[in-house]
Amino acid sequence: MNKKVAKQLRKICNPVDPVSRRVYQRLKKQYNKLPRHAKRDFIDILRETTFDLEQEQSGSILDQE
């Protein structure tokens with residue numbers, strides 16, 4: 001993995017707290033295990049997927065509007 005890919009992954013899932021750091025590390029490991037031809041597709045799929053970890057951690061569902 002090079003610096004460019006790591007920046008892309010950080011932009012997709014910003015590692016600011018322990019949970020998001022674990023998610024970021026897991027994404028890096030998954031990326032490194034992929035064959036060369038599938039890595040670009042993996043990044044594209046992650047961009048489409050939203051990682052909203054802050055809302056999941058900020059209390060219950062009843063607190064949200």
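Let's start with the surface. The chain exposes about 5500 Å². Carbon and sulfur atoms supply 49% of that area. Please keep in mind that this is a predicted model.

Now the layout. The chain has 4 helices and 0 strands. Read from the N terminus, the order of elements is α-α-α-α. The chain has 65 residues, and 26% of them count as buried. What about contacts along the sequence?

Let's walk in from helix α1. Val5 is found there. Is Val5 buried or exposed? Val5 is buried, because its relative accessible area is 10%, and the cut-off for buried is under 20%. Which residues does Val5 meet, once neighbours within four places in sequence are set aside? The answer is Tyr31 and Ile43. Look at the Tyr31 pairing on your screen. Val5 and Tyr31 are 26 residues apart in sequence. In space, their C-alpha atoms are 9.4 Å apart.

Stay in helix α1 and move along to Arg10. Arg10 has a relative accessible area of 37%, so this residue is partly exposed. Leave out residues up to four places away in sequence, and Arg10 touches Pro15 and Tyr24. There is also a distance to note here. Arg10 and Leu27 are 17 residues apart in sequence. C-alpha to C-alpha, Arg10 and Leu27 are 9.8 Å apart.

That brings us to Pro15. Where is Pro15 found? Pro15 sits in the loop between α1, residues 3-12, and α2. Again, set aside the neighbours within four places in sequence. Pro15 is then in contact with Arg10, Ser20, Arg21 and Tyr24. Pro15 and Gln25 are 10 residues apart along the chain. Their C-alpha atoms are separated by 8.9 Å.

Next, charge. Please turn to the surface again. Arg22, Arg26, Lys29 and Lys33 gather there in a patch of positive charge. Let's pick out one member, Lys33. Lys33 lies in helix α2, which spans residues 18-33. Is Lys33 buried or exposed? Lys33 is exposed, because its relative accessible area is 74%, and exposed means over 50%.

Last stop, charge pairing. Side chains of opposite charge can pair when their charged atoms come close. How many salt bridges does the count give? The count comes to 1 salt bridge. Asp44 forms a salt bridge with Arg47. The closest N and O atoms of Asp44 and Arg47 are 3.4 Å apart, and the cut-off is 4 Å. Where do the two partners lie? Both Asp44 and Arg47 lie in helix α3, residues 39-48. They are 3 residues apart, about one turn of the helix. How accessible are they? Asp44 has 34% relative accessibility, so it counts as partly exposed. Arg47 has 48% relative accessibility, so Arg47 counts as partly exposed too.

To recap, briefly. The chain runs α-α-α-α. Val5 is buried. Pro15 is in the loop between α1 and α2. Lys33 belongs to the patch of positive charge. Asp44 and Arg47 form a salt bridge. Thank you.

Key: Residues are numbered from 1 along each chain as its sequence is written. This is a predicted model: local features need pLDDT of at least 70, side-chain atom pairs count only at pLDDT 80 or more; totals for chains, interfaces and linings use all residues. Side-chain values use heavy atoms; hydrogens and water are left out. Patches are made of residues with over 30% relative accessible area and no salt bridge: like charges are joined within 9 Å, nonpolar side chains (Val, Leu, Ile, Met, Phe, Trp, Tyr) within 5 Å. Accessible areas come from the Shrake-Rupley method with a 1.4 Å probe; for residues, only the protein chains shown count as cover. A salt bridge is a side-chain nitrogen of Lys or Arg within 4 Å of a carboxyl oxygen of Asp or Glu. Lys and Arg count as positive and Asp and Glu as negative; His and the chain ends are not counted. The place of a charge is taken as NZ of Lys, CZ of Arg, CG of Asp or CD of Glu. Helices (H or I, at least four residues) and strands (E, at least two) are DSSP runs, numbered from the N terminus. Buried means under 20% relative accessible area, exposed over 50%, partly exposed in between (1.4 Å probe, protein chains only). Contact means heavy atoms within 4.5 Å.
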